[in-house]
Amino acid sequence: MKKILLILVGGTICTSLNEHGTLSISEGAGVKLIENFQNSDSPFKDKVEIEPTENLFILSENMSIPNWNLMLDTYRKYINTNSFDGVIFAHGTDTLAYSTSLFSLILANTDIPVFFVSSNARLDSERANGNANFRYAVELICKGIEPNVYATYKNISDGRIYLHLGSRLEQCKNYSEDFFSQDAIDITDFNDEVLKEIKKKYPKEEKFPLININGDWHLKSCVLMITPYVGLDYASFNYSKFSAILHGTYHSGTACSEPHENSVLHLIDLCEKENPDIDIYLSPSKNSGEIYDTVRVIGAHKENRIIFLYGCTNEVAYAKLVLAYSIFRDKKDISKFINRNINFEIFHK
């Protein structure tokens with residue numbers, strides 16, 4: 001008999017219609033996941049015991065650093081006092097990729113599989129994929145999938161179930177109900193060969209866990225994430241309260257480099273005045289090879305003040321910076337953590 005911990009975070013997968021005709025989290029909605037699985041035709045329904053936690057009542061659009069800490073504390077509480085064969089987080093879709101990215105880095109050394117499952121609609125809706133997402137997670141745990149952090153998700157556009165490595169999952173796009181990630185695996189008809197493929201793709205010996213899950217630390221709101229757009233006003237931010245900035249780029253790895261107030265050069269100058277110790281990261285972008293001259297100009301401004309990140313999603317880059325600046329004090333330790341491939345999150349060179 002396999003034993004699985006179900007952490008009821010919240011999100012659509014834990015919602016039902018309320019008296020206003022809108023979706024809100026209800027106490028019994030998450031537990032319905034277990035009932036639906038037990039009423040399914042899964043060959044594992046009598047071979048697994050699923051233990052639900054208290055409902056955290058977090059809609060994923062309301063995810064925050066304190067709520068991440070609540071999720072961490074809940075995980076620690078149950079894992080440190082019980083023995084499980086796997087863990088499933090019932091989480092909303094809106095910030096799913098950020099949470100899977102975070103836990104992929106924290107749990108790089110996990111010795112049991114950890115899954116994040118969500119739903120595109122409330123579970124009692126005919127459109128909902130949450131029951132399928134949950135079932136596949138349970139069955140993969142029962143079949144002995146390699147320990148790591150994953151998300152199972154049935155895309156609406158093609159009706160196929162995909163297994164995503166948590167550290168590579170990208171946010172769902174607007175007007176879509178599909179999730180994508182680098183090297184996602186179609187597991188609709190999964191078998192032992194698929195399990196072998198997963199183990200071959202992500203061997204445990206190639207991970208570099210650098211975080212003690214039970215260490216005396218909590219996440220801090222220490223990273224400012226900036227998305228570039230035409231006319232971005234850098235003077236509107238308070239840089240004194242942050243330890244680092246994650247500045248996104250346009251699709252070609254670029255950002256504005258003209259010498260005016262809407263330029264990254266102006267951002268650098270403002271930080272030099274308001275918070276000289278703040279680290280500024282540009283992602284995804286690199287300062288070598290056949291790059292645009294605008295990137296060269298940014299990299300050269302104020303003695304290479306910009307730190308370039310390349311090869312991973314911005315979701316995992318943000319999670320990595322939050323972790324690094326929450327846990328480590330020494331700049332060398334921070335740099336080591338940022339530049340190391342912790343859990344296969346760096347997939348482009």
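Let me begin with the conventions. Residue numbers start from 1 along each chain as its sequence is written, and side-chain values use heavy atoms, with hydrogens and water left out. Because the model is predicted, local features need pLDDT of at least 70 and side-chain atom pairs count only at pLDDT 80 or more, while totals for chains, interfaces and linings use all residues.

I turn to the seven-stranded sheet. Helices (H or I, at least four residues) and strands (E, at least two) are DSSP runs, numbered from the N terminus. Two strands pair if DSSP finds at least two bridges between them. On that basis, seven strands form an open sheet in the order β4-β1-β5-β6-β7-β8-β9, and the pairing is mixed. Its edge strands are β4 and β9, each of which pairs on one side only.

Consider strand β1, residues 2-8. How many of its residues are buried? The count is five of the seven, so the strand is largely enclosed by the rest of the structure. Here buried means under 20% relative accessible area, exposed means over 50%, and partly exposed lies in between, with a 1.4 Å probe and protein chains only. β1 pairs with β4 (residues 48-52) in the parallel sense, over five bridges. In that pairing, Ile4 has Ile50 as its bridge partner, and Leu6 stands opposite Pro52. β1 also pairs with β5 (residues 86-90), again in the parallel sense and over five bridges; there, the bridge partner of Leu5 is Val87.

Further along the sheet is β7, residues 149-154. Five of its six residues are buried, so β7 too is largely enclosed by the rest of the structure. Strand β6 (residues 114-117) pairs with β7 in the parallel sense over three bridges, and Phe115 stands opposite Tyr150 in β7.

Next, a helix pair. Helix α1 (residues 27-38) packs with helix α4 (residues 130-142) at an angle of about 75 degrees, and their axes are 10 Å apart. Axes are lines fitted to C-alpha atoms, for helices over the stretch in contact, and angles run from 0 to 180 degrees between N-to-C directions. That makes α1 roughly perpendicular to α4, since angles of 65 to 115 degrees count as roughly perpendicular, under 35 as roughly parallel, over 145 as roughly antiparallel and the rest as oblique. Contact means heavy atoms within 4.5 Å. From α1, Leu33, Asn36 and Phe37 meet Gly130, Asn131, Phe134, Arg135 and Val138 of α4. The residues of this contact divide into four nonpolar, three polar and one charged. In this scheme Ala, Val, Leu, Ile, Met, Phe, Trp, Tyr, Cys and Pro count as nonpolar, Asp, Glu, Lys and Arg as charged, and the others, Gly among them, as polar.

The other sheet is open and has four strands, in the order β10-β11-β12-β13, with parallel pairing. β10 (223-226) and β13 (306-308) are the edge strands, each pairing on one side only. On average, neighbouring strands of this sheet are turned by 25 degrees against each other, direction ignored. Three bridges join β12 (residues 279-283) to β13, and Leu282 has Phe308 in β13 as its bridge partner.

Helix α6 (residues 264-274) packs on this sheet, touching β11 (244-248), β12 and β13, and its direction makes about 175 degrees with that of β11. Buried residues in α6 include Val264, Leu265, Leu267, Ile268, Leu270 and Cys271. The helix's buried residues pack against β11, β12, α7 (293-300) and β13. At the start of α6, a side-chain oxygen of Ser263 reaches to within 2.9 Å of the backbone nitrogen of Leu265. That is a polar contact: a pair of N or O atoms within 3.5 Å; within protein, one must be able to donate a hydrogen and the other to accept it, and residues adjacent in sequence count only if both atoms are side-chain atoms.

Gln171 lies between β8 (161-165) and β9 (185-186). Is Gln171 buried or exposed? At 18% relative accessibility, Gln171 counts as buried. Its side chain reaches the backbone oxygen of Asp94 at 2.3 Å and the backbone nitrogen of Ala97 at 3.1 Å.

Tyr292, in the loop between β12 and α7, counts as exposed, at 51% relative accessibility. Leaving aside neighbours within four places in sequence, Tyr292 is in contact with Ser252 and Thr254. The C-alpha atoms of Tyr292 and Thr254 are separated by 7.4 Å, although the two residues are 38 residues apart along the chain.
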